[in-house]
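My notes are below the display.

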Amino acid sequence: MSSRTTNKLSLITKRTFATTTQRQLPSLLPSRWLSDLRPRLGKCIIFGLKPAQVDEAGDILRVLTREWRELLVGSDGFLVGHVNNTRYIRYAESGRVNWVQNYAKYHDTAHRKEWEALCSSKGNGMILRSIKTDFKFPMSWPDRVSVYHKLQSPPSSSVESFTLDVLIVSERHQRVAARCVEDIVVYDYRRREKTKMQPFMLEQFDQTWRAQEEAKRVNTVKASELVERVRRLEEGSWDKEGAVEDVGQR
């Protein structure tokens, strides 16, 4: 099993996030908006585009090629900095462990031992109480998956558990292959009982929650703008009144 972790969130969590009220988030994107955009662009190109429209289509394709992960998972509130590429088997468990270890390695090194202990049975640890999985489409070899975790709700000092949403993305198809929901209990192995989250966890989870909300806002707007740009190309080519396909010179 191979894994990859990145340090992008460390740059995000150090920012101060201002409340943005001047621009309302677009309505929910279609579930397959990303996988549908390329065929829609292809149809426009095959039908025939003017030079300016060809440039616009090329620019959209460049954005999709470079930023598809950020747009796909970010518009759902997941942070690309918390990505783990793993084999399909045990994807959620491996991803959750790496998600916690990212805090120890990059975001809260002052409490590195405490974060690492959460993945063990020493002191305070995490226990998976339940997991629910919703498979979106069957995956087949060869493929790799990217596993993303996010907090389902803001952290609270009064509870002994928290919930993580999990996104399993097919790298080959650039689509969501499965969604999971993990119910995690914080457990004191020394006293053998559930316990509340410690202050260092609450602080980091609060920063993560703010970063998630910002990622969702930014990427939802960007994704919606891409969908709108493709729609304008369609309306300016094959989907306009009196449209005639460009079959080339005879």
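Predicted model: local features only at pLDDT ≥ 70, side-chain atom pairs only at ≥ 80, totals over all residues.

**Entry 1, the helix pair.** I started with α3 (residues 51-74) and α6 (residues 199-235), whose axes sit 10 Å apart at an angle of about 150°. Angles over 145 degrees count as roughly antiparallel, so I put α3 and α6 down as roughly antiparallel to each other. I also noted that their crossing is left-handed. Next I looked up who makes the contact: α3 brings residues including Gln53, Ile60, Val63, Leu64 and Leu71, while α6 brings, among them, Lys216, Ala223, Leu226 and Leu233. Sorting the contact of α3 with α6 by class, I got 10 nonpolar, three polar and seven charged residues.

Is Val63 buried or exposed? Its relative accessibility is 12%, and buried means under 20%, so Val63 counts as buried. Setting aside neighbours within four places in sequence, I found Val63 in contact with Trp68, Leu71 and Leu226. Val63 and Leu226 are 163 residues apart along the chain, yet I read 8.8 Å between their C-alpha atoms.

I then moved to strand β5 (residues 175-188), where Asp188 lies. Asp188 counts as buried because its relative accessibility is 8%. What does its side chain reach? I found the backbone nitrogen of Arg191 at 3.3 Å, and the backbone nitrogen of Arg190 lies 2.9 Å from a polar atom of the Asp188 side chain. Beyond neighbours within four places in sequence, I listed Gly123, Asn124, Glu193 and Thr195 as contacts of Asp188.

How values were computed: Residues numbered from 1 in each chain as written. Heavy atoms only, no water. Axes fitted to C-alpha atoms, helices over the stretch in contact; angles between N-to-C directions. Helix = DSSP H or I, 4+ residues; strand = E, 2+ residues; numbered from the N terminus. Parallel < 35°, antiparallel > 145°, perpendicular 65-115°, else oblique. Left-handed = near helix turned anticlockwise from the far one by under 90°. Contact = heavy atoms within 4.5 Å. Nonpolar A, V, L, I, M, F, W, Y, C, P; charged D, E, K, R; others polar. Buried < 20%, exposed > 50% of the residue type's maximum accessible area, 1.4 Å probe, protein only. Polar contact = N/O pair within 3.5 Å; in protein donor to acceptor, adjacent residues only side chain to side chain.
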